[in-house]
Amino acid sequence: MPPAPSAPSSPSPSALRNTAAVVYNPIKVDLAALKRTVEAAEREAGWAKTLWYETSVEDPGGAVTREALAAGADVVMAAGGDGTIRAVAEALRNSGVPIGLLPSGTGNLLARNLKLTLDNVEESVRTAFTGDDRRIDLGVATLQRENGTRDQHIFLVMAGMGLDAKMIANTSDELKAKVGWLAYVDAIVRSLRDSNALRMRFTLDDNGPRTLRAHTILIGNCGSLPANILLLPDAAVDDGEFDIVALRPEGLFGWVQIWVKIVWENGVLRRSSVGRKIMGMTKEVRTLRYMKGKELVVRLDRPEDVELDGDSFGNASAMRVRVDHLGLTVKVPATAS
């Protein structure tokens with residue numbers, strides 16, 4: 001009799017297990033400690049051995065994230081500051097593979113807006129392995145340079161042109177590394193010396209072109225800044241539209257009005273029912289103009305500084321931003337069943 005056909009070989013147990021990847025900024029993390037934490041969570045979750053990828057000046061995270069995707073990663077953890085997280089998110093956009101946030105650095109803007117843990121790396125790693133998937137919006141910014149070339153980038157929290165971006169461009173990296181967000185105080189003082197306002201032509205969604213004069217324009221996918229400053233109180237990270245604000249103060253009194261609106265009304269009064277009643281009796285201030293929309297095109301008379309998620313992106317003479325609705329999946333703590 002001919003020999004009986006052999007049974008098909010089964011894949012090894014490790015081949016059936018999920019695999020995580022970590023993209024890390026070596027300047028921002030304690031690699032040895034992080035590896036111990038990840039390996040412990042990996043064993044507890046029953047996952048295969050984690051893949052590790054280091055960022056560099058030449059590659060802040062996008063290329064190595066694509067390597068992780070090609071290697072079959074089921075989740076990619078981003079360990080670093082906002083720049084690392086943005087680069088990883090850009091590579092994961094619309095891939096269906098979630099990003100796990102292991103925040104470091106001075107900003108941690110997305111983690112703050114999602115109300116994730118900022119100072120407990122064990123919990124952040126555990127969430128990456130066992131948390132729920134949450135889909136959120138991305139902002140897509142196309143920048144037109146003075147020479148006519150264009151480049152495209154994503155942002156997770158906020159894009160800005162004008163004084164806001166100038167402040168970030170003026171911030172010393174060395175001072176920021178030493179004192180964190182206090183470094184921006186020095187930059188604000190230097191940026192305010194430039195009193196020139198932006199003169200812009202803009203279109204919002206299907207509305208016709210309009211003009212606006214403002215010191216800065218901010219396009220928000222999320223609403224909160226560091227120090228618990230609620231700049232855009234109605235912004236939601238998954239509503240499919242941007243919340244936009246133009247700051248147009250006239251003199252010192254205008255800046256005081258902005259401070260009262262953002263820090264006092266948004267940051268204090270809005271958080272209680274009594275405070276909201278008080279807000280209902282106050283008037284809107286002319287120094288702030290709020291708008292909502294899915295796509296904004298801004299054209300300027302002269303090139304101006306641009307920032308995305310707190311990082312400077314040079315000068316642009318025009319910018320187009322649009323929402324990529326639910327374009328990114330993020331790991332968040334598992335909900336109780």
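Modeller: The chain has 11 helices and 16 strands. These are DSSP runs, numbered from the N terminus: helices are H or I with at least four residues, strands are E with at least two. The model is predicted, so local features need pLDDT of at least 70, side-chain atom pairs count only at pLDDT 80 or more, and totals for chains, interfaces and linings use all residues. Residues are numbered from 1 along each chain as its sequence is written, and side-chain values use heavy atoms, without hydrogens or water.

Of the 337 residues in the chain, 49% are buried. Buried means under 20% relative accessible area, exposed over 50%, and partly exposed in between (1.4 Å probe, protein chains only).

Now to strand β8, residues 198–204. Its side chains alternate. Leu 198, Met 200, Phe 202 and Leu 204 point to one face and are buried.

Next come the partners of β8. Two strands pair if DSSP finds at least two bridges between them. Strand β9 covers residues 210–214 and runs antiparallel to β8, with five bridges joining them. Phe 202 has Arg 210 as its bridge partner in β9. The hairpin of β8 and β9 has five residues between the strands. There, Asp 205 takes a positive phi near 55 degrees.

Strand β15, residues 295–308, also pairs with β8. This pairing is antiparallel and spans five bridges.
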